[in-house]
Amino acid sequence: MDNEKYYCNYSEDYLNYLKLFYFFQNARIFDASFFTTWFCTNWTILYYPVYFIHQLFKSKCNTPGTILSDTFKGFREKGFSSGRFLSRSSLFCGLWVATNYMYIHSLSILLATDVITLFATNVACVYLLSWVILHEQFVGVRIVAVIMCDTGIALLAYMDGITGSPTLGGVVLAASAAAGSAVYKVLFKKVIGDTTFGQISLFFTMIGLCNALLLWPICVIMYFSGIERINWNTLPWTVLLIASFLHLVASMLGNFSIAVTYELFITLGIITAVPVSAALDVILYGANFAGMKLAGMILIAIGFFLVMFPNNWPDYFMRLLRWSRRHRHGISGCSSKDMIDYRTGYIKSHLRSPSGRVR
């Protein structure tokens, strides 16, 4: 099974983060990007329990012991001991939290549309790393897509000038989040390999446990050092809980919806979030998309779709040309009287005379 089937669809997740952060920014009572990331990531602990309950009720033949043994059996066959599994879980937990933290923190600097567009470049980063590390097939059009995405990032970085603007820092954070997501996906393919739904559910649960047990001191340090501002008396728990729940739902849909639809449709969810977010930014915040910003977004969108081209796209293009040529010649042949002579059976040729002899 293709590893990308199990990666979550970030578009819905980050739109939820968007709503959360705009609420916090306007209220000016909460400025804690890392705490938000840590709190939402804790909910991934529910991954395997949800999968376990689903499997338990899916078939009466499944027993709790059978479900657990099937899950752990796959990791044992890959050569994972308990210590190795925990170390790999900690590694990917760090990548997951770092990627989400950079994305969420960039939302406090840039508009959500800018951040989502920049994050869409992760598909180009995934291909580039897959080509170098996983030795996937070289496709020239995808290299062109990588160049277009990089150009789009550069245009967005300098859309508000060079000095006196935090835009450059926000673009760097969002682009780094896209690169971090690509590193996560490629390393997962390299280290873990192909997995089942049960194995990926257990792995995400371990990421949530590592996050809850190991990273809470960072939240404490950032709070007491003043890096993050949290007013515990007015902490909006309702919004945090709703955002965390939606984050979990979006992640599960991205991982498990491949069972009922195509992986391509899930990947396209990233770029489809851009026009929706742009409409909200225009309506709610009076955003203006023009100049370098618009050019950069268009280049990134084109690069995104070019990366989605299949490996054998020239074959489809040549088939289309041949079909068009045959169709055109077929129509012209039916209307031409000198192509076929029905009295002698002669078909017009440069090699034979009308009598059929070779010239």
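Is Lys 293 buried or exposed at 12% relative accessibility? Lys 293 counts as buried, a term that stands for under 20% relative accessible area, with exposed meaning over 50% and partly exposed lying in between (1.4 Å probe, protein chains only). The model is predicted, so local features need pLDDT of at least 70 and side-chain atom pairs count only at pLDDT 80 or more, while totals for chains, interfaces and linings use all residues. Residues are numbered from 1 along each chain as its sequence is written, and side-chain values use heavy atoms, with hydrogens and water left out.

**View 1. The salt bridge of Asp 114 and Lys 293.** A salt bridge is a side-chain nitrogen of Lys or Arg within 4 Å of a carboxyl oxygen of Asp or Glu, and here the closest N and O atoms are 3.6 Å apart. Asp 114 lies in helix H6 and Lys 293 in helix H14 (residues 291-307), so the pair ties together parts that are 179 residues apart in sequence; helices (H or I, at least four residues) and strands (E, at least two) are DSSP runs, numbered from the N terminus. Asp 114 is buried, at 2% relative accessibility.

**View 2. The salt bridge of Arg 229 and Asp 31.** Arg 229 belongs to strand E2 (residues 229-230) and Asp 31 to strand E1 (residues 30-31). Arg 229 counts as exposed at 53% relative accessibility, whereas Asp 31, at 27%, is partly exposed.

**View 3. The aromatic cluster that includes Trp 96.** Tyr 47, Phe 85, Phe 92, Trp 96, Tyr 184, Phe 188, Phe 203 and Phe 204 together form one aromatic cluster.

Definitions and conventions: Phe/Tyr/Trp six-rings, centres within 6.5 Å; stacked < 30°, edge-to-face > 60°.
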